[in-house]
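I opened my notebook to get to know a new structure, a few places at a time. Here is what I looked up, in the order I wrote it down.

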Amino acid sequence: MHQALFNWSGGKDSGLALYHVLKDKRFDIKKLMTTVNAEVERISMHGVHKTLLERQVEAIGIPLSIISLPGEINMADYDQLMKNVLNKASAEGITHSVFGDIFLEDLKSYREERLKEVGMSAHFPLWKRSTSELVKEFLSLGFRTMVVAIDGSKLDKSFVGRELDMDFVNDLPKGVDPCGENGEFHSYVFDGPIFKHPVPFEIGEVVKKEYKLSKDNPNDTVTYWFQDLK
């Protein structure tokens, strides 16, 4: 049996991937690993506060390793930081790192190359499966998840703060992936077969944030909407 760590984002793809790998007798998941923005103590990209992450992981029952990242970090520094983390994991006997990615080839190759540098291998339980079928499976298993972040260039503000169900999927505009695999939306999974009990939370405010896409052009920005949970 391979000792493995699981790259936990807190969202639906992570939830379904963890469900499958926990049933796979080839792997023993020793810990979950999540990157958190150290300045605001929130999960990178998802915007979920660390306290919500900790509640989630307590309900799962697997140890959590939080990787604190500076608010702004370049790829070279990020790669070195993660290499240090993975070297430590490898020294502890962990041989595999598990991801919830579905079809982004460049990201898969990047992960595999970084892991190869430290003598580890990657595993992708959901790889190349139909995202439409994955959503249906996710819901049929009893998972529940809140949509907590959306890319405003791809989705209207009204989509954030909704629970992901088939009504949500059917309302998505043409061209938006039903799993948000292209970054259209991110979610926070709070119930399902991987949890000992539902994760308690309250709905907070909706927050608008703008991010610069180019240092040279201040007008080149993208808007994201975040549903705060507490």
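**Entry 1: Lysine 31**

I began with lysine 31, which I found in strand S2; strands here are DSSP runs of E with at least two residues, helices are runs of H or I with at least four, and both are numbered from the N terminus. I am reading a predicted model, in which local features need pLDDT of at least 70 and side-chain atom pairs count only at pLDDT 80 or more, while totals for chains, interfaces and linings use all residues. Residues are numbered from 1 along each chain as its sequence is written, and side-chain values use heavy atoms, with hydrogens and water left out.

Is lysine 31 buried or exposed? Lysine 31 is buried, because its relative accessible area is 18% (buried means under 20%, exposed over 50%, partly exposed in between, with a 1.4 Å probe and protein chains only). I then listed its contacts (heavy atoms within 4.5 Å). Leaving aside neighbours within four places in sequence, lysine 31 meets Ala4, Leu5, Phe6, Ile62, Pro63, Ser65, Glu92 and Ile94.

**Entry 2: Leucine 32 and the cores**

Next I looked at nonpolar cores, meaning sets of buried Ala, Val, Leu, Ile, Met, Phe, Trp, Tyr and Cys residues joined through side-chain atoms within 4.5 Å. The largest has 49 residues, and Phe6, Trp8, Leu18 and Leu32 touch the most other members. For leucine 32 I noted contacts with Phe6, Trp8, Leu18, Val57, Ile60, Ile62, Pro63, Leu64 and Ser65, not counting residues up to four places away in sequence. There is also a second, separate core of 14 residues, and Leu115, Val118, Phe124 and Trp127 are among them.

**Entry 3: Helix H2**

Which residues of helix H2 are buried? In this helix, residues 50-60, I wrote down Leu52, Leu53, Gln56, Val57, Ala59 and Ile60. Looking down the axis of H2, I see them fall within an arc of 160°, so they line one face of the helix; the arc is taken from the directions from the helix axis to the C-beta atoms. My reminder to myself: an α-helix has 3.6 residues a turn, so residues three or four places apart point the same way.

The cover over the buried residues of H2 includes helix H1 (12-23) and strands S2 (27-37), S3 (42-43), S4 (64-69), S8 (185-191) and S10 (221-229). After H2 comes glycine 61, with a positive phi near 90°.

**Entry 4: Helix H3**

I turned to helix H3, residues 75-91. Its 17 residues reach 24 Å from first C-alpha to last, close to the 24 Å expected at 1.5 Å a residue (the expected span is 1.5 Å times one less than the number of residues). Met82, Leu86 and Ala89 are the buried residues of H3. They cover an arc of only 50° around the axis, which puts them on the same side of H3. Ala76, Lys88 and Ala91 are exposed on the other side.

Among what covers the buried residues of H3 are strand S1 (2-7), S2, S4 and helix H4 (105-116). Just after H3, glycine 93 has a positive phi of about 100°.

**Entry 5: Leucine 229**

Leucine 229 sits in strand S10 and is buried, with a relative accessible area of 5%. I noted that leucine 229 and glycine 161 are 68 residues apart in sequence and 9.2 Å apart in space, C-alpha to C-alpha. Not counting residues up to four places away in sequence, leucine 229 touches Leu52, Val148, Tyr188, Phe201, Glu202, Ile203 and Gly204.

Most residues other than glycine have a negative phi. Which value does glutamate 41 have? Its phi is positive, about 55°, although glutamate 41 is not a glycine. Glutamate 41 lies in the loop between S2 and S3 and counts as partly exposed, at 35% relative accessibility.

I found lysine 128 in the loop between S6 and helix H5 (131-140), and it is exposed, with a relative accessible area of 51%.
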